[in-house]
Amino acid sequence: MVSQIVSAVGVMIVGVFVCALYYWLSDKVLNLALPVRDGDVTQASRNLNRRAVIRPWLFLGPALLLLGIYLVYPVVATLILSFYDRGGQTFVGLANYRWAFFDAGFRQSIFNNILWLAVVPAACTFFGLVIAVLTDRIWWGNIAKSIVFMPMAISFVGASVIWKFIYEYRGAGDTQIGLLNALVTMLGGNPQVWIALPFWNNFFLMVILIWIQTGFAMVILSAALRGIPEETIEAAVIDGANGWQIFWKIMVPQIWGTIAVVWTTITILVLKVFDIVLTMTNGQWDTMVLANLMFDWMFRGGGDSGRSAVIALVIMAAVTPIMIWNIRQANRDAGGH
Amino acid sequence: MASLSLRLKRVGLPRLIVHLSVLAIAILWLIPTLGILVTSIRDKDQITTSGWWTSFSSSTQTSAGRLGDPSTARQEGASYVITGSVFEQGQGGTVRSFGVRVQEPAAFPAGEPADLGEGETLTIESDGSYVYTKNGPFEGSRGKRIYLTVATPPEFTLTNYQTVLQGEGIGQAFINSLTVTIPATIIPILIAAFAAYALSWMSFPGRALIIAMVVGLIVVPLQMSLIPLLRLYNEVGNFFGTSSKTYAGIWLAHTAFGMPLAIYLLRNYIAGLPKEIIESARVDGASDFEIFLKIVLPLSFPALASFAIFQFLWVWNDLLVAIVFLGTGRDQLVLTGALNALLGSRGGNWEILTASAFVTIIVPLLVFFGLQRYLVRGLLAGSVKGG
């Protein structure tokens with residue numbers, strides 16, 4: 001135990017040190033290679049210019065290298081692998097895509113993903129908005145906000161254990177130790193194995209993600225609500241609008257952009273949902289989603305890189321519109337400077 | 001804050017409803033976590049026999065027992081007396097009531113003498129000691145059957161934590177998690193800060209393109225990277241004749257996956273620093289390296305802290321990258337992986353699962369409550385990444 005800690009700390013220090021050393025050393029080498037303290041003024045200024053050309057790439061180098069190897073290259077490689085067989089050796093054309101089209105498991109996953117996409121972003125945004133509005137009105141609102149925000153810090157696996165305990169099932173005669181079944185029996189119902197109820201179990205898994213992500217929506221929307229100009233609401237009050245009308249017709253339209261950001265952010269998260277399904281059901285009882293199916297095919301029977309690449313590409317395709325929208329938005333912001 | 005509450009007051013829902021609904025929401029959000037916290041410190045037998053929400057009140061149970069047998073009776077004047085305790089050695093609790101017939105197991109309150117008829121009187125104190133008297137000799141060879149209602153006080157223990165830290169590999173996994181998380185948090189900050197500086201304050205061809213690429217890469221799903229990288233790692237491992245699952249490998253993976261968001265967040269912040277400071281430093285002859293180290297880095301502390309928290313939470317809580325790039329061997333598992341493995345092997349042992357889960361979430365929770373301010377700031381600055 002102690003030796004592991006010592007070696008871990010040692011390796012950590014070396015890792016961070018090597019990284020810092022690169023920047024320091026590359027800067028030094030650049031200065032030495034292109035000296036400016038010579039008597040020759042034209043040479044010095046030429047070297048100064050060369051430094052200015054090279055230095056950005058020294059600063060950017062490691063970042064670009066990492067992005068290239070870990071994100072850009074894999075996107076291309078995955079695309080290519082999707083046309084090859086399970087071992088990535090033989091070209092098989094569209095066979096993997098054809099498989100996906102007719103595979104029941106794949107269709108089940110698509111269906112479940114759509115279900116998640118329809119429910120989770122909407123629920124998180126709605127609850128986040130309601131909680132933001134309510135907590136802004138009371139003196140202990142920040143405490144309540146902290147509590148709702150807290151699950152953000154909890155891992156999906158941790159949250160799954162937490163909720164699995166809530167869904168815990170004991171036979172009908174026994175004392176229920178899971179909160180949900182205890183409530184159900186208290187109200188006179190029969191205890192259920194919630195996570196094994198096909199179709200409905202999807203919703204019990206979604207609850208976990210909603211529990212985690214509502215805090216995120218709340219924080220962002222709360223900040224947006226505070227940015228609404230006072231006058232617009234005063235004017236509405238003077239015109240005799242009631243609370244409901246002010247909320248839906250004055251406040252919500254003004255934070256529409258923020259709602260869209262929250263919605264898309266959670267949408268991307270939902271497309272990649274993996275940990276929750278893995279730990280709760282591992283895709284059993286019709287709860288499979290794309291990310292888990294892909295993981296399954298990566299390792300099932302030695303792995304099938306072709307099929308798994310196709311599934312990854314489907315997730316990628318679903319994310320692409322949001323990606324393009326983000327890039328456009330960023331370019332517009334940059335143009336505005 | 002004040003102005004908003006003022007303005008919403010005019011919007012007007014009854015205040016009480018607002019308080020009550022927020023209270024309900026807070027309780028709803030807190031209860032799941034509270035459940036595993038409470039369960040993790042309960043006795044492992046109590047966990048399986050009662051819900052955790054009952055653990056604060058003493059649980060009452062009805063049990064049967066026998067008084068001392070007639071041979072232990074002493075004669076005191078005209079009457080015979082049997083004394084003793086209804087509890088066996090080591091047993092504890094508080095007697096609430098008792099009875100002598102199964103139909104009425106709680107006929108008499110504890111501490112008061114009960115007239116059992118035929119000249120018999122029984123007094124059972126709440127601590128379990130009893131005095132049983134009869135105005136003549138006791139008959140029979142066995143002690144009298146009694147029924148007790150006993151309240152056991154809530155009992156909490158840290159044994160579960162001891163078990164999981166030592167016996168279930170959670171202690172080891174905790175150290176593995178730290179080994180993965182700390183460098184995977186520090187290294188990307190350094191690399192991204194240099195890149196963000198270059199993208200904000202240095203001019204070179206292709207800058208706008210790189211910024212657009214970074215923004216685009218923020219949302220690229222991890223799933224796209226897994227297959228090619230796994231193959232790449234295996235090839236590199238084979239080439240050097242070592243395992244492909246190394247700490248260096250997972251640090252680089254986490255560093256790269258966090259890089260787009262890091263560059264985006266830091267660039268937004270660093271580009272917003274006052275132009276005058278950086279230009280006057282340039283006029284004074286400071287090199288870009290010096291400007292970065294001595295001016296930009298200290299000034300960007302809030303943004304660095306925001307990203308550090310993101311990255312820390314993301315890496316600590318990650319499962320997918322860890323199981324793919326570090327493996328599922330027992331000595332390589334990080335906390336999330338270990339917890340996932342326990343869900344499989346210890347499915348019904350809630351004392352182990354809840355204690356393990358709490359060990360897993362305690363560090364991020366502390367970070368969260370300690371540095372919530374920076375986390376919120378970071379979220380507001382860069383709410384485009386989907387985790």
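Into which domains is chain A divided?

**View 1. The two domains of chain A in a predicted model.** Domain 1 covers residues 2–81. Domain 2 covers residues 95–336. The C-alpha centres of domain 1 and domain 2 of chain A lie 39 Å apart.

**View 2. The helices of chain A.** Chain A has 14 helices and zero strands. Its pattern along the sequence is therefore α-α-α-α-α-α-α-α-α-α-α-α-α-α. The radius of gyration is 27 Å, well over the 20 Å that the globule rule gives for 337 residues, so chain A is more spread out than a compact globule. Along the principal axes, its C-alpha trace spans about 95 × 70 × 50 Å.

**View 3. Burial and contacts within chain A.** Of the 337 residues of chain A, 44% count as buried. Consider the contacts in chain A with a separation of 6 or more: 67% of them join residues 24 or more positions apart.

**View 4. Helix α5 of chain B.** Helix α5(B) runs over residues 170–201 and has 32 residues. From first C-alpha to last, α5(B) reaches 46 Å. That is close to the 46 Å expected at 1.5 Å a residue. The helix is mostly covered, with 26 of its 32 residues buried.

**View 5. The contact between chain B and chain A.** Chain B gives 98 residues to the contact, and chain A gives 95. On the side of chain B that touches chain A, α5(B) supplies the largest share, 14 residues. The residues on that side of chain B divide into 69 nonpolar, 26 polar and three charged.

Conventions:
Residues numbered from 1 in each chain as written. Chains lettered and ligands numbered in written order. Predicted model: local features only at pLDDT ≥ 70, side-chain atom pairs only at ≥ 80, totals over all residues. Helix = DSSP H or I, 4+ residues; strand = E, 2+ residues; numbered from the N terminus. Expected span 1.5 Å × (residues − 1). Buried ≥ 20, exposed ≤ 12 C-beta atoms within 10 Å, placed from the backbone. Domains from an automatic or database assignment. Contact = placed C-beta atoms within 7 Å. Nonpolar A, V, L, I, M, F, W, Y, C, P; charged D, E, K, R; others polar. Rg over C-alpha atoms; globule rule 2.2 N^0.38 Å.
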